[in-house]
Amino acid sequence: MEQSIYLVTLVGAALVLAAAFSSLIAFRFGAPLLLLFLGIGLASGVDGLGIQFDNAQFAYFVGSLALAVILFDSGFGTPLNVLRQAALPALSLATIGVLVTAGIFGVVAFYMTDFTWLESFLLGAAVASTDAAAVFFLLRAGNVNLRERVRSTLEIESGTNDPIAIFLTITLVEIIAAGANPNAELLFIDLVIGFVVHMGLGAAAGLIGGFLIVRLVERLNLDQALLPIFVLTLSLIVFAAAGAIHGSGFLAVYLAGLVAGNSDIRAVSVLRRFQAGMSWLAQIIMFLVLGLFATPSQFPEILAVAFVLGLFLIFVARPLAVWICLLPFNMPRQETAFISWVGLRGAVSILLAITPILGGLENGRDIFNIAFIVVLVSLVIQGWTVGPLARRLGLIVPARLGPLEKVELELPGSAHHELLAYTIVPGSPVARGQRIPRWARPSLVVREGRSIKYQDAGRLLAGDHVYIFVPDRYPRLLDRLFASRTEVDPEDADFFGAFAVDPTRPAADLEAAYGTGLIEAETAMTIGQLILSRLGGRAEYADRVTIGPIELIVREVDEKGRIISVGVSLEPAPPAPPIPAFLSASEIGDRLRSLFARLKKRGVASAPAADAETPDSYNSRGH
């Protein structure tokens, strides 16, 4: 017994260590990290090193707990400004998008497999949600700095679409396991009612649980070493409590993280570091367990069908669902195309594919194997192309800040202040003599190992370490002051424009200097107001507006969405590559109006001809 404990610990620790080391390979070559984790699990399983693991209940239990930890961390790290910016399109993708994807995929699966209709839709529900970990690791590994709107949409969608897919999958498994053949109309009504109740209870439990987590952290004077464990345990209690009352525990734990992360919770930097580590550990364990559970020797007989279904999901089902969901939001075609492509499937799809086995379904193992191969196809095909596609579609923007060396220190007993430690980076505004605001004057300067008062330090030099005591939610101005200049890729050298203009200057100045062809109402605006009007009332970093022979580039936007810096390019950028699909609602409306106008014009042109022909035809009949 004692030896078996040591052996299991040794093997388990070795697998986790191998998965952790594999991240170095992934960062080096930009490979999908989930693919490496799953590969290690497969190589260690019954058809590899011979580790016997066929416990579906344990695999589902471990995967569910790991997913709860990941979702809490995902919610904790989602700022409210990101939520406000992309909440509606992302939630549309997370709800309607999951349903449409599952429906389209299920129809094709029915005709390509021997599954019943309900089993086919069950398979569709299992692979309908995207995987956040895979997407954002690839963006980081490939040094891909996406436009804010696109990144926010993907982030919120991937954090909120899992509960819907889980609800659909479990509900369909229960219906099939009961052996019922429900009426389609009754099934739809039951699904809608069950969905509303399930999600409503989960949302209520998550909001209340997040509020209680914040209150308990503030009221209890726990040691900082215990605090992260306390918060993580509370998040799992929220997850379990929501599930116990038949709500969505996964939605509850995500919302609890969202509430806690956007409140003035104590020791927030300590919590973020701990949760980031726990999230990595949860991902590694979940992927290894799911990889061990799979049996590759069963794949060949369903490989061709699963591969075709994977391609159908990538190239048809997901893009069609994304287009339908984003149609009302008038997103550019390039952004819609990229969001449709970055629909990587991951551990959640494999986890959900275990539920048919747990439910004792006759084709449970085949559903799991097909879902597993679909995930592999998604990771291989989409995983290596995220970065190149983003560059091809022009969705990558230069980073706002260059290198920045900063440490956030929590102060004992203080929930509303932080001690920031910056290292003066060569080339930063402070190193070039920029003044530091009065409210952010350093309390201490450390130069060459000597502690100096700020008043006695004189001009700050590169290599100095400064310690600044500031209120929480300090402005981004500090990071801009202490960061070095952004190193712009040669391809992006003209990204910021030839020179900058003040967005508060009148737009009439542009008309006078460049003959931009502005109408009278536009010349009465400021440059910033002109840009906002052309963009529909909202601007973000890197937005570009072509006005006559010049192009205006949004260089910086403050926390309230006001444009504070604008660049002018005298050579407008070439148009984005044409994409025939993904027309927005406004483009569809324009094309329909143009079509009706042409038809009306043809009708008007043909009417006189018909009138002129009548007398001749009348005379030809002998009248």
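**Helix contacts and cores**

Guide: Start with one residue in this predicted model. Leaving aside neighbours within four places in sequence, Phe-105 is in contact with Leu-123, Gly-124, Val-127, Leu-309, Phe-312, Leu-313 and Val-374.

Visitor: How many residues does the largest nonpolar core have?

Guide: Phe-105 is among the residues with the most contacts inside this core, along with Leu-123, Phe-338 and Phe-372. A second, separate core includes Leu-420, Ala-431, Ile-436 and Val-445, and has 18 residues. For the largest core, the count is 129 residues.

Visitor: Is H2 oblique or roughly parallel to H15?

Guide: The axes of H2 (residues 33-44) and H15 (residues 364-383) come within 10 Å and cross at roughly 140 degrees. Angles under 35 degrees count as roughly parallel and those over 145 as roughly antiparallel, while 65 to 115 is roughly perpendicular. The angle of roughly 140 degrees is therefore in the remaining class, so H2 is oblique to H15.

Visitor: Which residues of H15 make the contact with H2?

Guide: H2 passes H15 in a left-handed crossing. The residues of this contact divide into nine nonpolar, no polar and no charged. On the H2 side they are Leu-34, Leu-35, Leu-38 and Leu-42, and on the H15 side Phe-372, Val-375, Leu-376, Leu-379 and Val-380.

Visitor: How many polar residues are in the contact of H3 with H14?

Guide: H3 (residues 56-76) and H14 (residues 347-358) pack with their axes 10 Å apart. Residues of H3 including Gln-57, Gly-63 and Ser-64 meet residues of H14 including Thr-355. By class, the contact has nine nonpolar residues, no charged ones, and four polar.

Methods
Residues are numbered from 1 along each chain as its sequence is written. This is a predicted model: local features need pLDDT of at least 70, side-chain atom pairs count only at pLDDT 80 or more; totals for chains, interfaces and linings use all residues. Side-chain values use heavy atoms; hydrogens and water are left out. Axes are lines fitted to C-alpha atoms, for helices over the stretch in contact, and angles run from 0 to 180 degrees between N-to-C directions. Helices (H or I, at least four residues) and strands (E, at least two) are DSSP runs, numbered from the N terminus. Contact means heavy atoms within 4.5 Å. Ala, Val, Leu, Ile, Met, Phe, Trp, Tyr, Cys and Pro count as nonpolar, Asp, Glu, Lys and Arg as charged, and the others, Gly among them, as polar. A nonpolar core is a set of buried Ala, Val, Leu, Ile, Met, Phe, Trp, Tyr and Cys residues joined through side-chain atoms within 4.5 Å. Buried means under 20% relative accessible area, exposed over 50%, partly exposed in between (1.4 Å probe, protein chains only). A crossing is left-handed if the near helix is turned anticlockwise from the far one by less than a right angle, and right-handed if clockwise.
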